[in-house]
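Dear colleague,

Please find below the sequence and structure that I am handing over to you. My notes on what was found follow directly after.

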Amino acid sequence: MAAIDCGTNSIRLLVADLPEASAGPQAPLTDLIRRMEIVRLGQGVDRTGRLAPEAIERTRVALASYAADIEKLGAQRVRMCATSASRDAANAADFTEMVQATLGVAPEVVSGDEEARLSFTGAVRGLPADAKEPFLVVDIGGGSTEFVVGDRAAGVRAAISVDIGCVRMTERHLPGDPPTPEQVAAAQADIAAVVDRALAVVPGREAATLVGLAGSVTTVVALAQGLREYDPERIHHARVSYEQVAQVTADLLGQTREQRLANPVMHPGRADVIGAGALVLRVIMERAGMPSVVASEHDILDGIAWSVQPTTLTR
């Protein structure tokens, strides 16, 4: 199975073997390859309502490389899901045409609700058995953030996707390098209002465990742990406190892009938007009353892979 997640900031590939049905509901995927490229597909979408031609071209280059890996590894089924930026764009047809020509399959522009459910599946499957339920899973992307509440047995109880993400908030509120206190305050107020609306729909304050997904969360957790390099194994299922998140957020928002880039855990393509991503996480924890967050390296990408049953695989 090959799964591709194309978001506002990054495009990611997972090629994995699915377990046999007899292996049980908690049997893991067997990863063959995981890749991530920052392509910033959502560049300017919040302002223009259109995908920039240069952003589509960056995505095409990454996708062509992914297609070569998929062919080499012999994946029997490919599913590509595109999320916030391509939902918002007036010229989404240009993107779809490019993907079809490059990959040989059309992208599925999933709804916010479907995005949330895929994220929940990818995150919860494999959580430690002692993780307390119900879970509030938050997937902080470039253009949107998904809130999902559920548990292992019943699955998703409620979900919502809202338009706060690290790219969107940076472009809308945080042009400074570093941003000014006034810019940060405006971003925080915008994020808090949207988070409160989300929590009125999704009962996140009733959850026992907050699970955070995507690069903003994993980078904040890596910084909170003081890692000297990005180490997915040490980040996956690590728990950090609200106080640690708040300190990392303050540090990031007080730094220039050059200073953030100097940190060895920082992906170069994330340095200009990580302050906004950290702020989204901090505000969610505040508004939901969460004392800590558990990071997961498994997310919507894994959910896309799990969405295809072995019996449906065809060459």
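In which sense do strands S6 and S7 pair, and over how many bridges? S6 and S7 (residues 145-151) pair in the antiparallel sense, over 6 bridges. Pairing here requires that DSSP finds at least two bridges between two strands. Helices (H or I, at least four residues) and strands (E, at least two) are DSSP runs, numbered from the N terminus.

Please note that this is a predicted model, in which local features need pLDDT of at least 70 and side-chain atom pairs count only at pLDDT 80 or more, while totals for chains, interfaces and linings use all residues. Residues are numbered from 1 along each chain as its sequence is written, and side-chain values use heavy atoms, with hydrogens and water left out.

Strand S6
S6 and S7 form a hairpin, with 4 residues between the two strands. S6 is also joined to strand S9 (residues 209-213) by 5 bridges, and these two strands run parallel. Phe-135 has Gly-150 as its bridge partner in S7 and stands opposite Thr-209 in S9. Because 6 of the 6 residues of S6 (residues 135-140) are buried, this strand is largely enclosed by the rest of the structure. Buried means under 20% relative accessible area, exposed over 50%, and partly exposed in between (1.4 Å probe, protein chains only). Phe-135, Val-137 and Asp-139 point one way from S6, whereas Leu-136, Val-138 and Ile-140 point the other way.

Helix H8
Helix H8 (residues 215-225) has 10 of its 11 residues buried, so this helix is largely enclosed by the rest of the structure. Among the buried residues are Gly-215, Thr-218 and Leu-223. After H8 comes Gly-226, with a positive phi near 70°.

With kind regards
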